[in-house]
Amino acid sequence: MYEKTFPNKRFKLTLEFLQKHVSTSETIFDFGVPNPFSKIMEENGYTVKNTKGEDLDNDHTALQTEEYTVFTAFEIFEHLLNPYTILQNVKCDKLLISIPLRLWFSPAYRSKTDMWDRHYHEFEDWQLDWLLEKTGWKITDRLQFTHPVKKFGLRPLLRYFTPRYYIVVAERA
């Protein structure tokens, strides 16, 4: 996934947000398969469990059987057809979720070679807020940030000013 670019800024800000809200004594269930950010969390003292590659739209077994105190979903909800049922099945009382925001100047992302690397949802911040509210969560902190790219053109210029990522921490209401 990160063959050409590594999202250093996104990972740095996500880790800082995580460290602000989650202690290393808590156990994290990171929704999705092990990934570079899972490794960063572990290198920073967190105990991290991941899913095994099952179809997360249809199989919620791991949500119910794993032991965890914090649920994280970094850059995964946009790939799911129904994140509502995922949020209903989380069994802990704290979560952190980050999503790429919908950009008015860019179409929805769709890999032509990888069926799992497609965005079904292109969220705006209010949509994630509403989804969390409807599933019984109360946001306690949030952050939006840009993600500039080193290219020339109008869209790369807009990425310097337009927030690209949104991260929230929420507790069960």
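Author: A definition is needed at the outset: a polar contact is a pair of N or O atoms within 3.5 Å, where within protein one must be able to donate a hydrogen and the other to accept it. Please also keep in mind that this is a predicted model.

Reader: Understood. Which backbone atom lies 2.9 Å from a polar atom of the side chain of glutamate 26?

Author: That atom is the backbone nitrogen of serine 23. Glutamate 26 itself sits in the loop between α1 and β1, the latter spanning residues 27-30.

Reader: Is glutamate 26 buried or exposed?

Author: Glutamate 26 is buried, because its relative accessible area is 17% and the cut-off for buried is under 20%.

Reader: And what does glutamate 26 touch, not counting residues up to four places away in sequence?

Author: With those neighbours set aside, glutamate 26 touches His21, Thr47, Thr69, Val70 and Lys94.

Reader: Let us step back. How many helices and strands are there in the protein?

Author: The protein has six helices and six strands. Read from the N terminus, the elements follow the order α-β-α-β-α-β-α-β-α-β-α-β.

Reader: What share of the 173 residues is buried?

Author: Buried residues account for 47% of them. The protein exposes about 9,900 Å², and 53% of that is supplied by carbon and sulfur atoms. Of the contacts with a separation of 6 or more, 63% are between residues 24 or more positions apart.

Reader: Now strand β3. How many of its residues are buried?

Author: Strand β3 covers residues 70-74, and five of its five residues are buried. In a regular strand, side chains alternate between the two faces of the sheet. In β3, Val70, Thr72 and Phe74 are on one side, Phe71 and Ala73 are on the other, and both faces are covered.

Reader: Which strands are joined to β3 by bridges?

Author: β1 and β3 run parallel and are joined by three bridges, with aspartate 30 opposite threonine 72 of β3. β3 and β4 also run parallel, joined by four bridges, and here alanine 73 stands opposite isoleucine 97 of β4. Between β3 and β4 the chain crosses through α4, in a right-handed β-α-β crossover.

Reader: Turning to α5, which of its residues are buried?

Author: In α5, residues 125-134, the buried ones are Leu128, Leu131 and Leu132. These residues lie on the same side of α5, because they cover an arc of only 95° around the axis.

Reader: What covers that buried side, and what is on the face turned away from it?

Author: The cover for the buried residues of α5 includes α4 (83-89), β4 (94-100), β5 (137-145) and β6 (165-172). The face turned away carries the exposed residues Glu133 and Lys134. After α5 comes glycine 136, with a positive phi near 90°.

Reader: What about α2? Why do its buried residues fall on the same side?

Author: The buried residues of α2 (36-43) are Phe37, Ser38, Ile40 and Met41. They cover an arc of only 160° around the axis, so they are on the same side of α2. These buried residues pack against α1, β1, β2 (47-50) and β3.

Reader: And the two ends of α2?

Author: At its start, a side-chain oxygen of asparagine 35 comes to within 2.9 Å of the backbone nitrogen of phenylalanine 37. Following α2 is glycine 45, where phi is positive, near 95°.

Reader: Where is glutamate 42 found, and how does it count in terms of accessibility?

Author: Glutamate 42 belongs to helix α2 and counts as partly exposed, because its relative accessibility is 42%; that value falls between the cut-offs of 20% and 50%. Its C-alpha is 9.9 Å from that of isoleucine 28, which is 14 residues away in sequence.

Reader: Which residues does phenylalanine 6 contact, leaving aside neighbours within four places in sequence?

Author: They are Phe11, Pro36 and Ile40. Phenylalanine 6 and proline 36 are 30 residues apart along the chain, and their C-alpha atoms are separated by 9.4 Å.

Notes
Residues are numbered from 1 along each chain as its sequence is written. This is a predicted model: local features need pLDDT of at least 70, side-chain atom pairs count only at pLDDT 80 or more; totals for chains, interfaces and linings use all residues. Side-chain values use heavy atoms; hydrogens and water are left out. Contact means heavy atoms within 4.5 Å. Buried means under 20% relative accessible area, exposed over 50%, partly exposed in between (1.4 Å probe, protein chains only). Accessible areas come from the Shrake-Rupley method with a 1.4 Å probe; for residues, only the protein chains shown count as cover. The arc is that of the directions from the helix axis to the C-beta atoms. Two strands pair if DSSP finds at least two bridges between them. A crossover is right-handed if, with the strands pointing away from the viewer, the path from the first strand over the helix to the second runs clockwise.
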